[in-house]
Amino acid sequence: PITQSVVKRTQAAVGGTLTAARLALRHGLACNTAGGSHHAGPMGGAGFCVFNDVGVAGRALINSGEVGQVLVVDLDVHQGDGTAFIFEHEPRVFTFSMHGEKNFPVRRGPSDLDIDLPDGTGDAAYVARLKAVLPDLLRRVAPDLVFYIAGVDPHESDRLGRLSLSDAGLAERDAYVLETCLAVAPVVGVIGGGYDHDIDRLARRHATLHRAAAQAWRRGLARREA
Ligand SMILES: [Zn+2]
């Protein structure tokens, strides 16, 4: 049910991603502690998502001329169908989604690049697949800004996941994505999905992104404006 608290949370998440995107443009790197509602599409909400924050922020920055080219790196375990539909006819936003092949949504969105992974992929194969595609993609798209949807639902304990990544695997993934993307463009990180009955454990898992971002920041990997 859409209660007042859900409405407030939804608006704050969208505003947070837009703010984080602008902070990333200014400082090189910024993360929201929410966001990544990638199943919401142009026609409405879906799959626990009300508004597509990356869709709104990406559209706002393109329309205002703040960026000319955007790359969405969506590593939530589910395909980013809503984002793909929103930017289907927008060549200035490239949508990349790597996800579980046997997972929601049944009807896939028109991403610019999809990679389907089998159940039980595990850390080594997952990271190897990412390393095989991301550097070339960054060269090809040459983005002014990268949205990174760092869903933690590929985790082995996730209720909806099935890709069997460990804590260390998620940490390695986030560190690799940030390091590789930051060499090319500013990065805005959003949390995406994660499903665990233990909320503290889930919050710690989502904070993998923020720990990796803090480390990248300390290493001086973010490009700051002069
Ligand atoms: Zn998900």
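## The main core

The largest nonpolar core holds 39 residues, and Leu 71, Leu 75, Phe 96 and Tyr 148 have the most contacts inside it. A nonpolar core here is a set of buried Ala, Val, Leu, Ile, Met, Phe, Trp, Tyr and Cys residues joined through side-chain atoms within 4.5 Å; buried means under 20% relative accessible area, with a 1.4 Å probe and protein chains only. At least two residues of this core come from each of strand E2 (70-74), strand E3 (93-100), strand E4 (113-117), H4, E5, H5 and H7. H4 is the top supplier, with 8 residues. These labels are DSSP runs numbered from the N terminus: helices (H or I) of at least four residues, strands (E) of at least two.

Leaving out neighbours within four places in sequence, Leu 71 is in contact (heavy atoms within 4.5 Å) with Phe 94, Phe 96, Leu 137, Leu 138, Val 141, Pro 143, Leu 145, Val 146 and Phe 147. There's also a second, separate core of 20 residues, including Leu 61, Ile 62, Val 72 and Val 188.

## Ground rules

This is a predicted model, so local features need pLDDT of at least 70 and side-chain atom pairs count only at pLDDT 80 or more, while totals for chains, interfaces and linings use all residues. Residues are numbered from 1 along each chain as its sequence is written, and side-chain values use heavy atoms, with hydrogens and water left out.

Ala 185 sits in the loop between H5 and E6 and counts as buried because its relative accessibility is 1%. Beyond neighbours within four places in sequence, Ala 185 is in contact with Pro 143, Asp 144, Leu 145 and Val 146.

## The zinc site

The zinc ion's protein donors are Asp 76 (OD), Asp 76 (OD), His 78 (ND1) and Asp 153 (OD), at 1.9 to 2.7 Å. Donors are N, O and S atoms within 2.8 Å of the metal (3.2 Å for Na, K and Ca), and sites may look incomplete without water. Asp 76 lies in the loop between E2 and helix H3 (81-86) and Asp 153 in the loop between E5 and H5, so the pair ties together parts 77 residues apart in sequence. Both Asp 76 and Asp 153 are buried.

How values were computed
Buried < 20%, exposed > 50% of the residue type's maximum accessible area, 1.4 Å probe, protein only.
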